[in-house]
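Let's take a walk through this structure together. Have the sequence and the 3D view open as you read.

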Amino acid sequence: MIRVAAVGDIHFGQDSAGTLRPHLEDIAEQADVYLLAGDLTRLGDPEEAAVLARELRDLPVPIVAVLGNHDYHSDQEKAVTDVLEGIGVQVLEGTSTVVDVDGTPVGIAGVKGFGSGFAGACGSDFGEPMMKAYVRHTQEAADRLREALDDLARAGVERRVALMHYSPSEGTLRGERLEIYPFLGSYLLGEAVDRAGADLAIHGHAHGGTEKGFTPGGIQVRNVAQPVITRAYNVYCLDCEKESGG
Amino acid sequence: MNEPEDYAIQRLRDALAADERVAEMGIQVRMAAGKAFLTGQVATPERQQAVGAVAAEVLPDYEIHNETVVTVMADQPRVEKIK
Ligand SMILES: [Fe+2]
Ligand SMILES: [Fe+2]
């Protein structure tokens, strides 16, 4: 049984001190790992990351994160990363980590990702340099996610979770305006997850979206943006079915 | 000529994203009969108040209805078995 807690879009600022920790006190009884799906800060200010770090310090479960677009706003994403890593949060960007859950290795591959839209209605790597740069940024993120998931598989890690900020699926965007889907996610991310394989894909960013969806290849996707789940985290249990006999 | 409402709406949405007191991209703005209705979720009461303040600054000629809500944090997580 592997219990994955996840939330995104907590958008921490100075006014957020004390809002999260009270909800995390019993997390070890609920979950084995805590995933943060980006937009951890409001403006990408390292001072905001420090407020969050104080809430997360000494949590009894491993914390794994990706950054979101807000965490890049001040061009200080490296400093934001450093503050979080300073208290032991693993911040992934095209990389992966393995946590041990009662002897079972669980791999988490993470990337911020980017937009471009979904198959049949998306941007293409064509035309002006800015348009190409936009789509290529997403393609590169998707490629790195796929490689990170593949690396885990090659290392013999059977249980794998893909962690993103942008969405790999359309289904979890339901509730958002259709016109902005290309800014909310990309089928390229879903394709990467499908090709490499994963037990679950987690993302945030779509505050007005829906929790549950799936990739074109049928992999479960969960949008854990805090305005969507209205919790400090939800828990997704892998391998629960067989252990509970149903 | 008065500013068309479409432009006023987007000017406010840009301001809500850019203003450091708010930094929210997900606030919806609709207008009717000289009133501006703001909806969506914000993380803290301070930011909710700032949304109203920014709107009043950016659109002084409109009657502002700040109907945003502060995201609630329910205590217990939901647990789902993934198949
Ligand atoms: Fe967000
Ligand atoms: Fe975001």
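Predicted model: local features only at pLDDT ≥ 70, side-chain atom pairs only at ≥ 80, totals over all residues.

Residues are numbered from 1 along each chain as its sequence is written, chains are lettered from A and ligands numbered from 1 in the order in which they are written, and side-chain values use heavy atoms, with hydrogens and water left out.

Start in chain A, with helix H2 (residues 46-56) and helix H3 (residues 77-85), whose axes come within 9 Å and cross at roughly 20 degrees. Helices here (H or I, at least four residues) and strands (E, at least two) are DSSP runs, numbered from the N terminus. Axes are lines fitted to C-alpha atoms, for helices over the stretch in contact, and angles run from 0 to 180 degrees between N-to-C directions. H2(A) and H3(A) are therefore roughly parallel to each other; angles under 35 degrees count as that, over 145 as roughly antiparallel, 65 to 115 as roughly perpendicular and the rest as oblique.

Which residues of H2(A) and H3(A) meet? On the H2(A) side look for Pro46(A), Ala49(A), Ala50(A), Leu52(A) and Ala53(A), and on the H3(A) side for Ala79(A), Val80(A), Val83(A) and Leu84(A), where contact means heavy atoms within 4.5 Å. The residues of this contact divide into 9 nonpolar, no polar and no charged. For these classes, Ala, Val, Leu, Ile, Met, Phe, Trp, Tyr, Cys and Pro count as nonpolar, Asp, Glu, Lys and Arg as charged, and the others, Gly among them, as polar.

Still in chain A, helix H4 (residues 129-154) and helix H6 (residues 187-196) pack at an angle of about 20 degrees, with their axes 9 Å apart. H4(A) and H6(A) are therefore roughly parallel to each other. By class, their contact has 9 nonpolar, 2 polar and 3 charged residues.

Now hop over to chain B. Helix H1 (residues 5-18) and helix H2 (residues 45-58) of chain B pack at an angle of about 135 degrees, with their axes 10 Å apart. That makes H1(B) oblique to H2(B). Arg11(B), Leu12(B), Ala15(B) and Leu16(B) in H1(B) meet Val51(B), Val54(B), Ala55(B) and Val58(B) in H2(B). This contact has 7 nonpolar, no polar and 1 charged residues.

How do the two chains meet? In chain A, 36 residues are in contact with 22 residues of chain B. The area buried between them is about 2,600 Å², and carbon and sulfur atoms give 49% of that; buried area is the accessible area (1.4 Å probe) that two parts lose on being put together, summed over both. On the chain A side, Asp15(A), Arg42(A) and Arg231(A) lose the most area to chain B, together 21% of what that side buries.

Side chains of opposite charge can pair when their charged atoms come close. A salt bridge is a side-chain nitrogen of Lys or Arg within 4 Å of a carboxyl oxygen of Asp or Glu. The structure holds 19 salt bridges over all chains, and the count between chain A and chain B is 4. One is formed by Arg78(B) with Glu211(A), the closest N and O atoms being 3.8 Å apart. Asp15(A) forms a salt bridge with Arg47(B), with the closest N and O atoms 2.8 Å apart. Asp15(A) lies in the loop between strand E1 (2-7) and helix H1 (27-30) of chain A and Arg47(B) in helix H2 of chain B, so the pair joins two chains.
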